[in-house]
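Colleague: I'm new to this one. Could you show it to me and let me ask a few things?

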Amino acid sequence: MLGLFKKLFILLLSMIPMFSYSSETHATELPMFERGNETDIKVMAYNIHHGEGTDAILDLKRIADIIKTSGADIIGLQEVDNHFSERSNFEDQAKWLANYLGMHYAYGANLDYEPLQEGEHRRQYGTAVLSKYPILSAENHLLTNIPYPVNPTEQRGLLDTVINVRGNHVHFYNTHLDNKRAEQRDLQIREILDIAKQKEGTSIFVGDFNATPESSEILKMSAQYKDVFAELGQNDDFTIPVDKPDRRIDYIFTSEDVQIRTGEVINTNASDHLPITAELVLKKKLPFNNGIGNN
């Protein structure tokens with residue numbers, strides 16, 4: 001009888017899943033770390049304006065089809081609604097896009113309001129990361145918001161994720177910086193750099209930085225990380241306004257260990273920003289902080 005109980009116990013242990021799922025971050029947590037391989041990836045940054053285009057049409061499927069056609073593996077989205085209001089039909093947009101595209105996702109709420117009626121979802125607005133690869137962890141950092149009593153500034157954040165790209169564990173950051181004050185963006189950039197320097201391994205940053213390449217805040221960022229479009233000599237690949245683009249405020253930055261192949265601006269009126277993509281190469285290395293030696 002003791003032998004039978006032992007067999008049953010071993011059988012039950014074998015049925016326990018090797019990963020956990022968080023309903024808050026919607027991120028898969030995998031305790032096992034694999035040896036990385038050099039691999040190509042394509043990333044995207046896209047401010048989707050809650051799915052409303054310059055034609056005043058709300059069409060989340062149009063956004064999803066742009067992402068799908070681009071072939072992007074990992075996408076950082078800004079201005080994403082989560083049960084926010086009638087403007088987006090109270091849709092959980094990150095979840096809808098992830099389900100439509102068959103991707104993993106994480107969401108960071110920078111605005112978080114009470115529901116209109118008791119028992120309904122909280123009304124949120126922020127950023128999201130979509131990924132073909134498992135998202136190991138996700139954390140949203142609220143960035144500095146200096147009091148501004150005459151015309152209050154919207155709360156901004158940094159969505160900090162770790163993604164397992166075929167064994168390469170990549171820090172993928174997504175942000176949307178202040179659109180009104182350079183001094184606020186400067187502080188937010190400093191905070192982003194402080195957060196990132198605490199982490200080891202490959203880093204990729206995407207987002208709507210609301211600043212042009214020659215600004216002091218972007219110069220602080222590009223002093224530490226490679227500005228993909230600047231590295232490619234494509235500083236004139238503007239992203240806003242979509243009808244006649246005249247400035248570049250949407251970016252993809254990478255750490256030095258990432259090889260840059262191409263950068264592209266996609267022409268579309270599905271939002272008030274143009275999406276950008278970059279083809280990158282992640283170099284072979286052991287994952288960070290795994291407790292495993294180099295032998």
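Colleague: Is strand 9 mostly covered or mostly open, and how many of its residues are buried?

Modeller: This is a predicted model. In a regular strand, side chains alternate between the two faces of the sheet. On one side of strand 9, Asn168, Val170, Phe172, Asn174 and His176 are buried, and on the other His169, His171, Tyr173 and Thr175 are too. Strand 9 is thus mostly covered, and the buried count is 9 of 9 residues.

Colleague: Thanks! Which residue stands opposite His169 of strand 9?

Modeller: Look to strand 8, residues 157-165, which pairs with strand 9 in the antiparallel sense over 8 bridges. The two form a hairpin with 2 residues between them, and Arg166 in the turn has a positive phi of about 55°. The residue opposite His169 is Asn164.

Colleague: And what is the bridge partner of Tyr173 in strand 10?

Modeller: Strand 10 covers residues 203-208 and runs parallel to strand 9, joined by 6 bridges. Strand 9, helix 4 (residues 182-197) and strand 10 make a right-handed β-α-β unit. The partner of Tyr173 is Phe205.

Colleague: Which strands stand at the edges of the sheet?

Modeller: The open sheet has 6 strands with mixed pairing, in the order 7-8-9-10-12-11. Each edge strand has a single partner strand, so one side of each is left without a neighbour in the sheet: these are strand 7 and strand 11.

Colleague: Lastly, which strands does helix 5 touch?

Modeller: Strand 11 is joined to strand 12 (residues 250-254) by 2 bridges, running antiparallel. Helix 5, residues 216-224, packs on the sheet, and its direction makes about 25° with that of strand 12. The strands touched by helix 5 are strand 10, strand 11 and strand 12.

Key
Residues are numbered from 1 along each chain as its sequence is written. This is a predicted model: local features need pLDDT of at least 70, side-chain atom pairs count only at pLDDT 80 or more; totals for chains, interfaces and linings use all residues. Side-chain values use heavy atoms; hydrogens and water are left out. Buried means under 20% relative accessible area, exposed over 50%, partly exposed in between (1.4 Å probe, protein chains only). Helices (H or I, at least four residues) and strands (E, at least two) are DSSP runs, numbered from the N terminus. Two strands pair if DSSP finds at least two bridges between them. A crossover is right-handed if, with the strands pointing away from the viewer, the path from the first strand over the helix to the second runs clockwise. Contact means heavy atoms within 4.5 Å. Axes are lines fitted to C-alpha atoms, for helices over the stretch in contact, and angles run from 0 to 180 degrees between N-to-C directions.
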